Amino acid sequence: MLNSKHGSISRATVDRLPLYFRTLRLIKSEGSEIVSSEELGRRIGVTPEQIRKDLASFGAFGKKGVGYHVAELVNNISQILGLDRKWNIAIIGVGHLGWALANYRNFASLGFHLTALFDQNPAIVGQLINGVDVLSVADLETTVASRNIQIGVIAVPAGEAQAVADRLVAAGVHGIWNFAPVRIRVPDNVQIVSEDLSVGLSTLSYHLRRQVP
């Protein structure tokens, strides 16, 4: 049973939900119908107490001494994450990264529908990638409106990212997934998540430098 008091939920709790969802889907594919917080925590690397606390923030799940019904919890977390509905997404920038994102097969299984691809290179415009035509970036605003695109994925160079974000916001997108290595400013009513690959690698390098002679 879900509750609606989500306003005070911590960012850390929200960030762990996709990990729970991914792991539960795997457990479900293995044929298990019940999972304990101990088993779920072992697979993810989170304490059972933290899992129970996180899930309790959204409602009453599972039974003491029994565990969680896997299929039911998958459905509940899917609703919490908004993955029970379809989101239309567009990728702007079809270089190496944009091409790889366009071919990511898990988008559809998570409810994300790749609706449009954009690039400014005439040699790329018109190509078909994963069944989607690459359009000219000049058509961005009209396509976002006509295809009801809610999420824009930015995969352009850093110097172009803010301008692309401004155009996406003006066109009416509700969320931006930014892969450009630069901080982007958007209005408060637009959600943004940034993925800087260099930050992750630099963090890994930091730990390796202290571990590897």
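The structure is a predicted model, in which local features need pLDDT of at least 70 and side-chain atom pairs count only at pLDDT 80 or more, whereas totals for chains, interfaces and linings use all residues. Residues are numbered from 1 along each chain as its sequence is written, and side-chain values use heavy atoms, with hydrogens and water left out.

The C-alpha trace of the protein chain spans about 60 × 50 × 35 Å along its principal axes. Nine helices and nine strands are present in the chain; helices (H or I, at least four residues) and strands (E, at least two) are DSSP runs, numbered from the N terminus. Of the 213 residues, 38% count as buried, where buried means under 20% relative accessible area, exposed means over 50%, and partly exposed lies in between (1.4 Å probe, protein chains only). Among contacts with a separation of 6 or more, 57% are made by residues 24 or more positions apart, a contact being defined by heavy atoms within 4.5 Å.

Seven strands form an open sheet with mixed pairing, in the order E5-E6-E4-E3-E7-E8-E9. Two strands are taken to pair if DSSP finds at least two bridges between them. In general, strands of a sheet pair through backbone hydrogen bonds, either parallel or antiparallel. Strand E4 (residues 112-119) and strand E6 (residues 132-136) pair in the parallel sense, over three bridges. Phenylalanine 118 stands opposite leucine 135 of E6.

Helix H8 contains alanine 165, which counts as buried because its relative accessibility is 0%. Apart from neighbours within four places in sequence, alanine 165 is in contact with Ile154, Ile176 and Ile184. The C-alpha atoms of alanine 165 and histidine 113, which are 52 residues apart along the chain, are separated by 20 Å.

Side chains of opposite charge can pair when their charged atoms come close. A salt bridge is defined here as a side-chain nitrogen of Lys or Arg within 4 Å of a carboxyl oxygen of Asp or Glu, and a search of the whole structure finds eight. One of these joins aspartate 54 to arginine 16, with 2.6 Å between the closest N and O atoms. Since aspartate 54 belongs to helix H3 (residues 48-56) and arginine 16 to helix H1 (residues 11-29), the pair ties together parts that are 38 residues apart in sequence. Both aspartate 54 and arginine 16 are buried. Helix H1 also holds threonine 13, which is buried with a relative accessible area of 6%. Not counting residues up to four places away in sequence, threonine 13 touches Asp54 and Phe58.

A further salt bridge links glutamate 38 with arginine 52, the closest N and O atoms being 3.6 Å apart. Here glutamate 38 lies in helix H2 (residues 37-44) and arginine 52 in helix H3, so parts 14 residues apart in sequence are tied together. Glutamate 38 is partly exposed, with a relative accessible area of 45%, and arginine 52 is likewise partly exposed, at 36% relative accessibility. Glutamate 141 forms a salt bridge with arginine 167, with the closest N and O atoms 2.7 Å apart. The former lies in helix H7 (residues 140-146) and the latter in helix H8, so this pair ties together parts that are 26 residues apart in sequence. Salt bridges that share partners also join Glu30, Glu39, Arg42 and Arg43 into one network.

On the surface, Leu201, Leu204, Leu208 and Val212 form a nonpolar patch with about 370 Å² of accessible area together. Patches are made of residues with over 30% relative accessible area and no salt bridge, like charges being joined within 9 Å and nonpolar side chains (Val, Leu, Ile, Met, Phe, Trp, Tyr) within 5 Å. Valine 212 is found in the segment after helix H9 (197-211) and counts as partly exposed, at 48% relative accessibility.

Note on methods
Accessible areas come from the Shrake-Rupley method with a 1.4 Å probe; for residues, only the protein chains shown count as cover.
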